[in-house]
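Hello,

I am passing on the structure we spoke about, together with notes on what was found in it. Please look through it before reading further.

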Amino acid sequence: MSDDLGTRYVSAVASQDEAALRKCFAADVAFRALIPPGLRERTGAAETAALISQWFGDSTELRLLDSRSGQVGDRLHLSYRFAGVEEGEAYVVEHHLFCTMSDGKIQRADLLCSGFRPAVTSV
């Protein structure tokens, strides 16, 4: 069940589908994110999905590079990395999300973001 939720969550973020993302969260989800420039907190599925969608809303390209899921004790761990383009500049970003589940949805989540980092091409 958690693998399916992880797949749906990452797919919703990648496709910038706020409605699908909202369906991954319990109605009263408690969400905390440590992102540059600081802590962001939201309560509720709509507010949480809107915040996450906002982060990628200005991206003209967004491509999933890697995603993983697994259990850490009683919590689901999701990690995913995207390459994107915003304002003509290529970037990479990685998120780590630790979730407490209830009835197949995310009830509580703590997210750590790398920030949008300049894309580096290897030579």
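Helices here are DSSP runs of H or I with at least four residues, and strands are runs of E with at least two, numbered from the N terminus. Counted in that way, the protein has three helices and seven strands. Their order along the sequence is α-α-β-β-α-β-β-β-β-β. Please keep in mind that this is a predicted model.

Overall form

The radius of gyration of the protein is 14 Å, which agrees with the value near 14 Å for a compact globule of 123 residues. Along the principal axes, the C-alpha atoms fill a box of roughly 45 × 25 × 25 Å. Of the 123 residues, 38% count as buried. Among contacts with a separation of 6 or more, 49% are between residues 24 or more positions apart.

Are they buried or exposed? E47 has 42% relative accessibility and therefore counts as partly exposed, since that class lies between the 20% and 50% cut-offs. T48 has 0% relative accessibility, so T48 counts as buried, the limit being under 20%. Leaving aside neighbours within four places in sequence, T48 is in contact with F25, V29, F31 and R42. As for distance, E47 and T60 are 13 residues apart in sequence, and their C-alpha atoms are 23 Å apart in space.

Strand β5

H95 is found in strand β5, which covers residues 89-102. H95 is buried because its relative accessible area is 1%, and the limit is under 20%. Which side chain does the side chain of H95 meet in a polar contact? The partner is the side chain of Y80, at 2.8 Å. Y80 is also one of the residues in contact with H95 once neighbours within four places in sequence are left aside.

Regards

How values were computed:
Residues numbered from 1 in each chain as written. Predicted model: local features only at pLDDT ≥ 70, side-chain atom pairs only at ≥ 80, totals over all residues. Heavy atoms only, no water. Buried < 20%, exposed > 50% of the residue type's maximum accessible area, 1.4 Å probe, protein only. Rg over C-alpha atoms; globule rule 2.2 N^0.38 Å. Contact = heavy atoms within 4.5 Å. Polar contact = N/O pair within 3.5 Å; in protein donor to acceptor, adjacent residues only side chain to side chain.
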